[in-house]
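I'm opening my notebook and going through this structure piece by piece. I'll jot down what I looked up and what came back.

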Amino acid sequence: MNQNNPRPNLLQLARQAGTDSRYLVVLRRAHEIRQCFEQEARRFVFEDLVGYGQYGVACRILQRDSGWFFWRTAAKRFVVKHSLGDAKETQALMNEIQMLQGASHILQPFAITDNPLLQAFDGPSLITEYAEHGTLGAFIVKAAAWGQPLPNRLLWRLFLCLLRFVIAMAWPDVDIKEQVPEQEEIRAQKSQIVHNDMHTRNIMIGSFDKDEHFLVPILKLIDFGLARNAPSGLSFLPTSDAGVKQNIYDIGVVMLDLITGTNLRPTRRALMDVRIYNRSILINSAAVAIAPPRFPNLDPDLRGLVVWCCAANMDDRPYLETLANIISQQVETKTAASYAGYPLQVNETDERVAAIVARLLDPSSGT
């Protein structure tokens, strides 16, 4: 659907024969949200119902541009989330509101003045920024249709964004711009927040910038409705870093999806021989899908790190500080020349990576 055109009539969809009762409630709530913003039509345009799940319902709204000259505010899109009234959904949305911090790789609240929802509904609403390029899951589907493996230098940069998720949850109260703290006493005080629902449909693709995301747009983690603190939620686990290690496993699985072109949770485990720090190590891992000789274009350093993150035994997974050092170094040092002799070395230049990303993000492109 063209994001500039609103959904024609949500109530008409709700009245269609065969509409699921749960979806009926979703459509009615979306219609109510639409009515709220249509009362402020000079300022807002209701564009679409974009999803529903643990939190309730989510709708995309356009805030029109306003003001004059130096005081002009550009038009921006945002997302409104509201629970459907169920106690668990309400608690999930409240949990998400409390979990959101100032980290750039986690979808952030979006402030609007004179919010039309304030007097309309009971229960919590959450208004967040809008990530313009859709979900990572949709990106993977399109990449699979393209028919070539993603360039290694693109994969390393996506891995760095995923790492930022884990760092943001490990030190949520530290102003460190999603980097490992330098002070040892702060480093040792990790939060054990587990996202509990990290998959490619809960990762959004945002915009480019002139810094870390000049080649690949930023990834943003969403939907913290099921997030918990590991000591209370996973107290049976033996490691003191249970929450962090679970999040590391989850980003390893996301990397598996990016490499294999799937959106499936791995079910098999096997002993895998990988090289880490120039040493051969046997790891019982869930990354069976990328075992050699599959994916001959894949950087063995990247393969080994994903296998390590997907270790079945939590204590066998890398420490977050170690993982951050390796990924950051690989992003900084791996150039197109590093892949000379690879089957698809031509795709590793900045120009080719940028062109491939643009092609896969273009909504009018078939592949």
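Predicted model: local features only at pLDDT ≥ 70, side-chain atom pairs only at ≥ 80, totals over all residues.

**Helix α8.** I started with how covered α8 is: 18 of its 19 residues are buried, so I've put it down as mostly covered.

**Helix α9.** Next I went to α9, residues 300-309. This one is mostly covered too, with eight of its ten residues buried. Which residues of α9 are buried? My list reads Leu 302, Arg 303, Gly 304, Leu 305, Val 306, Val 307, Trp 308 and Cys 309. I then asked what covers the buried residues of α9. The cover includes α5 (152-170), α8 (242-260), β9 (270-276), β10 (279-285) and α10 (320-333). So α8, the helix I began with, is part of that cover. At the start of α9 I noted one more detail: a side-chain oxygen of Asp 299 comes to within 2.8 Å of the backbone nitrogen of Asp 301.

**The loop between β10 and α9.** I stepped back to the loop that leads from β10 to α9, where Pro 293 sits. Pro 292 and Pro 293 are joined by a cis peptide bond, with omega at about 10°. Phe 295 is in the loop between β10 and α9 as well. Its phi is near 55°, a positive value in a residue other than glycine.

**Another positive phi.** I wrote down Asp 223 too, with a positive phi of about 60° although it is not a glycine. Asp 223 lies in the loop between β7 (219-221) and β8 (228-229). With a relative accessible area of 5%, Asp 223 is under the 20% cut-off and therefore buried.

I looked up Asp 65 in the loop between β2 and β3. Its relative accessible area is 39%, which means Asp 65 is partly exposed. What does Asp 65 touch, leaving aside its neighbours within four places in sequence? I found contacts with Arg 72, Thr 73, Ala 74 and Ala 75. I also took a distance: Asp 65 and Phe 44 are 21 residues apart in sequence and 9.2 Å apart in space, C-alpha to C-alpha.

Ala 188 is in the loop between α6 (184-187) and β5 (193-194). At 62% relative accessibility Ala 188 is over the 50% cut-off, so I marked it as exposed. The C-alpha atoms of Ala 188 and Trp 171 are separated by 9.8 Å, and the two residues are 17 apart along the chain.

**Helix α2 and the cysteines.** I moved on to α2, residues 21-38. It has 18 residues and reaches 26 Å from its first C-alpha to its last, close to the 26 Å expected at 1.5 Å a residue. Among the buried residues of α2 I noted Leu 24, Leu 27, His 31, Arg 34 and Cys 36. Cys 36 is at 8% relative accessibility, so it counts as buried. Cys 59 counts as buried because its relative accessibility is 0%.

**The largest pocket.** I got a volume of about 800 Å³ for the largest pocket. Of the 32 residues that line it, the closest to its centre are Tyr 130, His 133, Gly 134, Thr 135 and Met 204. The elements that give two or more residues to this lining are β1 (44-53), β2 (56-63), β3 (76-82), α4 (136-146), β6 (203-205) and α11 (350-361). The largest share comes from β1, with four residues.

**The chain as a whole.** I finished with some totals. The protein chain has eleven helices and ten strands. Of its 367 residues, 51% are buried. Among contacts with a separation of 6 or more, 66% are between residues 24 or more positions apart.

Definitions and conventions. Residues numbered from 1 in each chain as written. Heavy atoms only, no water. Buried < 20%, exposed > 50% of the residue type's maximum accessible area, 1.4 Å probe, protein only. Expected span 1.5 Å × (residues − 1). Contact = heavy atoms within 4.5 Å. Polar contact = N/O pair within 3.5 Å; in protein donor to acceptor, adjacent residues only side chain to side chain. 1 Å grid on protein atoms, 1.4 Å probe; cavity = no way out; pocket = protein on both sides within 12 Å on 5 of 7 lines; lining within 4 Å. Points joined across faces, edges and corners; volume = space filled by probe spheres on them.
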